[in-house]
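Subject: Structure handover

Dear colleague,

Please find the structure below. My notes on what was found in it follow.

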Protein chains: 2
Amino acid sequence: MTTLYPSIKRISGNNIASPIGFSAAGIHCGIKHKKSDLAILVSDVPANAAGVYTTNVVQAAPLLVTKQSLAETGKMQAIIVNSGNANACTGKKGLEDAKTMQANAADKLGIAHNLVGVASTGVIGEKLPIDKIVNGISKLEPTSGLKGSIDFSQSILTTDTVSKNTAYSVTIDGQTVTIAGTAKGSGMIHPNMATMLGFVTTDAAIGSDDLHSALSSVVDRTFNSITVDGDTSTNDMVLVMANGLAGNNTLVPNHPDWDVFVQTLLLVCEDLGKMIAKDGEGATKLIETEVTGAISDSEARMIAKTVVGSPLVKTAVFGCDANWGRILAAVGYSGATLDPDKIKIQIGTTTVVSDGEPVDFSEDELIEYLKQPEIKIKVNLQEGAGKGLAWGCDLTYDYVQINASYRT
Amino acid sequence: MTTLYPSIKRISGNNIASPIGFSAAGIHCGIKHKKSDLAILVSDVPANAAGVYTTNVVQAAPLLVTKQSLAETGKMQAIIVNSGNANACTGKKGLEDAKTMQANAADKLGIAHNLVGVASTGVIGEKLPIDKIVNGISKLEPTSGLKGSIDFSQSILTTDTVSKNTAYSVTIDGQTVTIAGTAKGSGMIHPNMATMLGFVTTDAAIGSDDLHSALSSVVDRTFNSITVDGDTSTNDMVLVMANGLAGNNTLVPNHPDWDVFVQTLLLVCEDLGKMIAKDGEGATKLIETEVTGAISDSEARMIAKTVVGSPLVKTAVFGCDANWGRILAAVGYSGATLDPDKIKIQIGTTTVVSDGEPVDFSEDELIEYLKQPEIKIKVNLQEGAGKGLAWGCDLTYDYVQINASYRT
């Protein structure tokens with residue numbers, strides 16, 4: 001967490017129902033063998049909402065339903081989520097099933113159908129066991145306490161090994177505003193958006209359009225800057241609900257606290273993105289790449305993402321091999337504008353390349369550094385003022401094991 | 001091998017010195033611990049030559065030297081190659097070393113320095129042991145027999161498990177023209193050009209510019225359509241030498257046998273590309289993806305390459321999992337123009353997706369199919385007449401093992 005705004009505070013008992021007026025629940029409905037697999041997130045009142053979605057041309061049914069509903073209303077009051085089955089590539093029946101999920105959740109809450117978002121994650125191409133889900137929805141009892149949030153965050157997981165939650169408070173117009181987030185994602189992660197679900201709640205008052213522009217700008221620098229395996233999924237989305245119950249004046253771009261709100265939203269999304277990268281399938285280490293001196297921020301992020309996405313960099317980090325040549329090669333094929341003779345590379349605090357040429361360093365010290373759970377790689381192109389971050393993880397035997405036998 | 005030209009014949013004792021007037025040699029000079037690591041390929045007379053090179057902005061010293069020399073002369077009479085050290089990211093000393101390799105090989109043969117191509121492959125960022133190479137060059141004795149070619153093809157390998165050779169003969173102007181090729185490449189393979197070296201010899205008479213245009217068109221459909229790990233290297237190139245000793249009239253685009261020559265060149269490069277993919281680091285299977293019905297051939301190739309490059313498809317093939325959802329997801333994020341509801345997918349001869357929807361199939365039969373060493377995936381978009389092929393390999397524990405400990 002790095003921020004220039006002292007009023008931003010991390011909430012320790014962070015949970016998705018932290019903001020005023022939110023509740024959540026999660027249960028086992030029978031899609032998975034034993035683990036919980038159905039969850040609901042509810043706002044007491046209709047919340048202004050925004051979403052960003054996978055860029056994959058093949059998009060799952062729940063995503064189509066959610067996009068359509070949000071386009072109609074600009075609002076959302078609940079989100080129903082299942083794990084264990086992605087309801088993707090399931091044709092017309094898949095679309096019907098997603099609408100059935102939406103309708104059942106809405107009817108249970110006594111709200112309009114198009115105020116409910118629908119999300120699914122899991123195996124692609126199998127029909128949803130819709131009867132189990134309908135039966136499960138009748139048993140969901142959302143609560144505002146910690147248990148409901150924990151159940152929610154656990155019920156949305158697939159190959160994730162840990163649930164991912166974060167929350168911050170910030171002062172806006174003298175009112176305490178809370179922003180909380182939870183996410184899932186472990187494989188098929190190369191968002192744009194991709195293979196992940198992210199849910200953000202806030203009690204801030206903010207219009208849907210402004211919420212969307214804030215979310216979009218933040219997602220590029222967070223969720224879209226992580227990669228696990230370069231595969232962009234069919235299902236993934238980040239949804240944010242702002243129910244306005246904090247009592248601040250409605251946030252607009254020229255509101256004096258607009259920037260601090262966006263910064264807080266950024267911290268929530270950055271936390272979740274890093275948690276996803278760190279929990280990448282089979283991963284043992286988080287890799288953070290910071291690029292400076294690029295000709296633009298977007299090129300810097302592109303380079304950073306290429307480095308953390310390189311299978312050869314990922315395996316080298318797994319093997320504690322300070323193989324900087326692979327980092328330099330990845331920078332070179334990233335597509336960015338650069339002069340190879342000006343590049344500087346650091347692994348941790350050790351400079352390994354300066355002005356494009358190798359620098360002597362202690363291999364033993366770097367091996368020790370590479371045994372840490374969080375590895376930082378810094379690249380300076382010395383071309384301009386562009387900077388950016390990206391996060392990924394190492395590539396391990398377990399990634400292969402998990403994905404060679406995912407369905408079987 | 002599929003061709004419409006009956007005069008094209010595969011040569012069984014295929015070797016890089018098959019065409020008239022070529023000789024080769026390979027020895028151990030001490031860069032590697034035990035395996036051979038220095039090789040030379042020679043034409044009796046200066047040959048018209050062409051090259052294609054990595055698109056990586058970071059390019060190795062030998063590549064810069066070769067490009068420069070070829071630009072000066074349009075010809076090449078010999079190529080000196082070392083393995084075990086890429087001479088990449090080695091600064092000014094690296095450039096000096098590459099020139100020293102070139103000069104020593106040229107002086108030994110008594111030819112102009114800029115008639116010698118230089119290639120290196122191996123670890124990035126370490127200085128060449130130039131004394132060992134200079135000493136080794138003095139011991140190279142190229143011969144036109146099979147042994148010289150075998151030694152050459154083995155001396156250029158790094159993590160490859162097999163050497164890669166192919167040769168075809170074809171009749172042009174009533175003369176037998178031979179085209180032969182040898183290549184190396186196993187990891188850091190995502191050419192454009194990338195992480196591989198390919199050498200093609202022919203006794204055809206053809207000008208340098210026409211040779212370059214033939215090579216470029218062929219490379220896009222062969223070497224540039226394979227991927228092992230998505231990493232585009234700093235060193236890779238394909239060089240072709242045409243010494244004209246076959247006695248045909250000089251080939252030009254309107255020569256009646258131009259097409260058959262290009263087709264033969266294509267077969268040589270396709271054979272080598274497939275051998276590289278099949279021998280990908282840690283690979284147990286070759287994956288071929290054929291895309292039809294795309295809006296253009298280039299989009300078809302892009303989709304095919306995205307599918308064979310998907311880590312999730314690769315691990316599924318390794319695990320004999322008929323996980324067609326991952327194929328569909330990869331098609332979806334390839335960036336190509338398509339309608340998800342029209343896609344048809346076959347694994348082997350089994351249709352698994354039709355008009356974008358799953359089709360019932362025997363999982364057991366597909367598991368048996370997926371145990372074969374060569375897996376074919378067919379995708380039909382039903383959008384246009386574009387078609388293309390790409391080749392890759394499965395992602396295995398051994399890939400991780402090899403790359404987690406490459407330098408150590």
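Some conventions. This is a predicted model, in which local features need pLDDT of at least 70 and side-chain atom pairs count only at pLDDT 80 or more, while totals for chains, interfaces and linings use all residues. Residues are numbered from 1 along each chain as its sequence is written, chains are lettered from A and ligands numbered from 1 in the order in which they are written, and side-chain values use heavy atoms, with hydrogens and water left out.

Domains of chain A

The domain assignment (automatic or from a database) divides chain A into domain 1 (9–275) and domain 2 (286–404). Each of the two domains gives 14 residues to the contact, where contact means heavy atoms within 4.5 Å. Their centres, taken over C-alpha atoms, are 32 Å apart.

About 1,100 Å² is buried between domain 1 and domain 2 of chain A, and carbon and sulfur atoms give 59% of that. Buried area here is the accessible area (1.4 Å probe) that two parts lose on being put together, summed over both.

There is 1 salt bridge between the two domains of chain A, the term meaning a side-chain nitrogen of Lys or Arg within 4 Å of a carboxyl oxygen of Asp or Glu. A salt bridge joins Lys274(A) to Glu288(A) at 3.9 Å, N to O. On the side of domain 1 that touches domain 2, the elements giving two or more residues are α5 (208–221) and α6 (258–278) of chain A; helices (H or I, at least four residues) and strands (E, at least two) are DSSP runs, numbered from the N terminus. That side of domain 1 of chain A has 3 nonpolar, 6 polar and 5 charged residues. The classes are Ala, Val, Leu, Ile, Met, Phe, Trp, Tyr, Cys and Pro as nonpolar, Asp, Glu, Lys and Arg as charged, and the others, Gly among them, as polar.

Chains A and B

Chain B superposes on chain A by a rotation of 180 degrees with 0.0 Å of shift along the axis (RMSD 0.0 Å), using least squares on the C-alpha atoms of residues with pLDDT of at least 70 in both. The two copies are thus related as by a two-fold rotation axis. In chain B, Tyr397(B) has the C-alpha nearest the axis, 2.6 Å from it.

The buried area between the chains is about 4,300 Å², with 61% from carbon and sulfur atoms. Between chain B and chain A there are 0 salt bridges and 2 residue pairs in polar contact, both residues at pLDDT 80 or more.

Regards

Key
Polar contact = N/O pair within 3.5 Å; in protein donor to acceptor, adjacent residues only side chain to side chain.
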